[in-house]
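Here is a set of questions and answers on one protein chain. Please look over its sequence and fold before reading on.

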Amino acid sequence: VSSIGVSTFYPTLQCTTRLLSLNLSGNNIGKTGAAALAKHYESRTSIQLLGLSSNQIGADGARALGEALRYNTSLRSLDLSFNEISNNGVVELLTHGLNFNSSLKRLRLIGNLKFMSEKQMSELLQSITYVLLSGHSCVETLENNCYAKNATYNRGSKCQ
């Protein structure tokens with residue numbers, strides 16, 4: 001599909017009100033395609049599942065999606081695994097988006113965090129924990145891997 005393809009079918013997405021799930025994994029949409037999708041998802045209320053793994057969206061694409069999450073009220077599951085999102089990009093996604101979003105329940109970030117020192121990992125985990133436990137975030141499952149170990153955050157649902 002690529003970023004050009006996303007721009008091509010973007011007008012069709014604008015007219016679609018019943019689409020509940022969209023999986024564009026492995027289509028190399030990049031940060032430009034992610035930004036185009038983010039603009040769409042700011043105002044769309046039907047999409048509940050969005051799969052964007054392996055698309056090389058990077059930190060800029062993650063930031064754009066995070067901004068869209070501020071306004072989107074329907075997305076329940078977002079898969080951003082293997083997208084070359086930097087450690088700072090993950091923090092920005094969480095702080096710009098999830099801190100204001102109460103609809104997202106599942107976020108997959110596997111294969112994005114790079115190896116870092118124990119101190120850096122501690123700081124990152126503190127940031128993630130802060131966002132997940134404060135603000136409006138209702139994420140119940142955050143899947144991630146650190147130091148080649150899988151880590152899944154689960155919290156009992158206190159959100160509706």
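Axes are lines fitted to C-alpha atoms, for helices over the stretch in contact, and the angle between two of them runs from 0 to 180 degrees between N-to-C directions. The model discussed here is predicted.

Q: What percentage of the contacts in the chain with a separation of 6 or more is made by residues 24 or more positions apart?
A: The chain has 160 residues, and 49% of them are buried. Among contacts with a separation of 6 or more, the share from residues 24 or more positions apart is 78%.

Q: How far does helix H3 reach from its first C-alpha to its last?
A: Helix H3 covers residues 58-69, which is 12 residues. At 1.5 Å a residue the expected reach is 16 Å, and the model comes close to that, with 17 Å.

Q: How many of the 12 residues of H3 are buried?
A: Buried means under 20% relative accessible area. The residues of H3 under that cut-off are Gly58, Ala59, Gly61, Ala62, Ala64, Leu65, Gly66, Ala68 and Leu69. H3 is therefore largely enclosed by the rest of the structure, and the number of its buried residues is 9.

Q: Which elements are included in what covers the buried residues of H3?
A: Covering here rests on contact, meaning heavy atoms within 4.5 Å. The elements that cover the buried residues of H3 include helix H2 (30-43), strand E3 (77-79) and helix H4 (87-96).

Q: Is H2 roughly parallel or roughly antiparallel to H3?
A: The axes of H2 and H3 are 8 Å apart, and the packing angle is about 0 degrees. Angles under 35 degrees count as roughly parallel and over 145 as roughly antiparallel. H2 and H3 are therefore roughly parallel.

Q: How many nonpolar, polar and charged residues make up the contact of H2 with H3?
A: On the H2 side the contact uses Lys31, Ala34, Ala35, Ala38, Tyr41 and Glu42, and on the H3 side Asp60, Gly61, Ala64, Leu65 and Ala68. By class they are 7 nonpolar, 1 polar and 3 charged.

Q: How is H3 oriented to H4, roughly parallel or roughly antiparallel?
A: The two helices pack with axes 7 Å apart, at an angle of about 10 degrees. That angle makes H3 and H4 roughly parallel.

Q: How many nonpolar, polar and charged residues does the contact of H3 with H4 have?
A: H3 contributes Ala59, Ala62, Arg63, Leu65, Gly66, Glu67 and Leu69, while H4 contributes Gly89, Glu92, Leu93 and His96. Sorted by class, this contact has 5 nonpolar, 3 polar and 3 charged residues.

Q: Which element gives the largest share of the largest nonpolar core?
A: This core has 34 residues, and those touching the most other members are Leu50, Leu52, Leu78, Leu80, Leu98, Leu104 and Leu107. H2, H3, H4 and helix H5 (118-133) each supply at least two core residues. With 5 residues, the largest share comes from H3.

Q: Does serine 77 count as buried or exposed?
A: Serine 77 is in strand E3. Outside its sequence neighbours up to four places away, serine 77 touches Gln48, Leu49, Leu50, Leu104 and Arg106. Its relative accessibility is 13%, so serine 77 counts as buried.

Q: How far apart in space are glutamate 84 and asparagine 112, C-alpha to C-alpha?
A: Glutamate 84 lies in the loop between E3 and H4, and its phi is positive, near 55 degrees, although the residue is not glycine. Leaving aside neighbours within four places, glutamate 84 contacts Gln56, Gly58, Ala59 and Asn112. Glutamate 84 and asparagine 112 are 28 residues apart in sequence, and their C-alpha distance is 5.3 Å.

Q: What is the phi of phenylalanine 82?
A: Phenylalanine 82 lies in the loop between E3 and H4. At 48% relative accessibility, phenylalanine 82 counts as partly exposed. Phenylalanine 82 is not a glycine, yet its phi is positive, at about 55 degrees.

How values were computed. Residues numbered from 1 in each chain as written. Predicted model: local features only at pLDDT ≥ 70, side-chain atom pairs only at ≥ 80, totals over all residues. Heavy atoms only, no water. Helix = DSSP H or I, 4+ residues; strand = E, 2+ residues; numbered from the N terminus. Expected span 1.5 Å × (residues − 1). Buried < 20%, exposed > 50% of the residue type's maximum accessible area, 1.4 Å probe, protein only. Parallel < 35°, antiparallel > 145°, perpendicular 65-115°, else oblique. Nonpolar A, V, L, I, M, F, W, Y, C, P; charged D, E, K, R; others polar. Core = buried A, V, L, I, M, F, W, Y, C linked by side-chain atoms within 4.5 Å.
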